[in-house]
Amino acid sequence: MKFIFILFIFWRLLDFLIIHLASYFISYQGFFPYKEVLNSFQLPLLITKLANFDGVHYLLIAKNGYQQFQQAFFPLYPLLIRWLSPIFLNNLLFTALVIANFSFFLGLYFFVQYLKREKINSYQSVIFLLSFFPTSFFFGAVYTEGLFFLLFVLTLFFLQKKQYLLATFFSLLASLTRLIGLFLIIPIFFSLIKNKKLKSASSLIVFSPLIGFFIYAFYLWQSTGDPLFFLNSQPAFGANRSTYIIFLPQVYWRYLKIFLTATFNFQYFIALAEFVFFNLVLITLIFDFKKNYFKKNLSLLGLNIFSLINLILPSLTGTFSSIPRYLLLSLSFFIYLGNINRGKLMIIGIIFILFHIIFLSFFSQGYFIA
């Protein structure tokens, strides 16, 4: 616990320092809707900037309920912000940050317990790489990363302990937080096979992520007439997302055209980062799949397949946009990297921290990162 506490405090203070210094070196861009709403919470800019871009939508949903097209954002996080805000003087922004940061802290603790039970002795390296990944600041921002990470890890942890009622509860909440929560079916399924529980009554847990998803789909059907409106509203938020499936070769072709024809500017750099991160994680996960398959480690194999889906699913909308943020939840990537030799690990860690500083600096100054 001491290791987690020290790492979390260092991570939090480092990010605040980066945000503070960025304002001296990078001009403010801030081209995202409703940014003026953030000023109404009367908090220091150091804190307010952690709600840039999508963060504003979560605050508006918490305050006013769903408005046009905001159904793209799943409901649990804004609901928690609304329900818990009276504890924090009804300041929605402060409440949202407390939820995200406390969730990430607890998530790190339970992730370490999970890794120890899986006999992964490099757990400290895994946690370090996750915490200082270039986009890890989203865990402590007004985004769902922190909350989903906690619910995801709790599901894995209680599956390990064969406490299936608790695992069911947390997987249901996870699928009310993000669409990818629906695919927790996969690590649950593999865990039940490993524990030889698939034919028992506990096998009903496999369907628990479906419950949360169907609750939200039913709400959308009742309120908009479209149970898939979380998907069909995506084009309203830009990023050139498609509502029909576009396969990887087409996405690669699109990015190849960007690299050959686009103007070399900040957006070019982000497109390059999206492409590099996607392929780096994809290749790593393929190696990780091979390792766990031959070792017949079913629980880590299930986590690997979930990690692959978490990476590939967003690309089916025709873009790698936001991939550097989405891949934070491909936990098998960090587990695999944590096992490489110390020399390479130090190099990777330094690269992660350098890009963490760059990405957070621009994000805090209103540039779209992920």
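This is a predicted model: local features need pLDDT of at least 70, side-chain atom pairs count only at pLDDT 80 or more; totals for chains, interfaces and linings use all residues.
Trainee: Which secondary structure elements does the protein chain have, and how many?

Mentor: The protein chain has 17 helices and zero strands.

Trainee: What does the radius of gyration say about a chain of 370 residues?

Mentor: A compact globule with 370 residues would have a radius of gyration near 21 Å, and the protein chain has 20 Å, so the two agree. The C-alpha trace spans about 55 × 55 × 45 Å along its principal axes. Among contacts between residues at least 6 apart in sequence, 72% join residues at least 24 apart.

Trainee: Where should I expect the nonpolar side chains?

Mentor: In soluble globular proteins, nonpolar side chains tend to be buried together. In this model, buried residues make up 56% of the 370 residues. The largest nonpolar core has 128 residues, and those with the most contacts inside it are Leu59, Tyr77, Phe111, Val142 and Phe149. Helix α5, residues 92-117, supplies the largest share of this core, with 14 residues.

Trainee: What is Leu59 in contact with, leaving aside its neighbours within four places in sequence?

Mentor: Its contacts are Leu38, Phe41, Ala51, Leu92, Leu93, Ala96 and Val142. Leu59 is also one of the buried residues of α3.

Trainee: Is helix α3 largely enclosed or largely open?

Mentor: Consider the general rule before the case. An α-helix has 3.6 residues a turn, so residues three or four places apart point the same way. As for α3, residues 54-64, eight of its 11 residues are buried, so the helix is largely enclosed by the rest of the structure. The buried ones are Gly55, Val56, His57, Tyr58, Leu59, Leu60, Ile61 and Ala62. Their cover includes α4, residues 76-84, and α5. After α3 comes Gly65, with a positive phi near 80 degrees.

Trainee: How should I read a positive phi in a residue that is not glycine?

Mentor: Most residues other than glycine have a negative phi. Asn90 has a positive value, near 60 degrees. Asn90 lies in the loop between α4 and α5, and is exposed, with a relative accessible area of 55%. Lys119 also has a positive phi, of about 60 degrees. Lys119 sits in the loop between α5 and α6, and is exposed at 69% relative accessible area.

Trainee: How many positive and negative side chains are there, and how far apart do the centres of the two sets lie?

Mentor: There are 26 positive and 8 negative side chains, with the centres of the two sets 13 Å apart. As for the accessible surface, the total is about 17000 Å², of which 70% belongs to carbon and sulfur atoms.

Key
Residues are numbered from 1 along each chain as its sequence is written. Side-chain values use heavy atoms; hydrogens and water are left out. A nonpolar core is a set of buried Ala, Val, Leu, Ile, Met, Phe, Trp, Tyr and Cys residues joined through side-chain atoms within 4.5 Å. Buried means under 20% relative accessible area, exposed over 50%, partly exposed in between (1.4 Å probe, protein chains only). Helices (H or I, at least four residues) and strands (E, at least two) are DSSP runs, numbered from the N terminus. Contact means heavy atoms within 4.5 Å. The radius of gyration is taken over C-alpha atoms; the globule rule is 2.2 Å times the number of residues to the power 0.38. Accessible areas come from the Shrake-Rupley method with a 1.4 Å probe; for residues, only the protein chains shown count as cover. Lys and Arg count as positive and Asp and Glu as negative; His and the chain ends are not counted. The place of a charge is taken as NZ of Lys, CZ of Arg, CG of Asp or CD of Glu.
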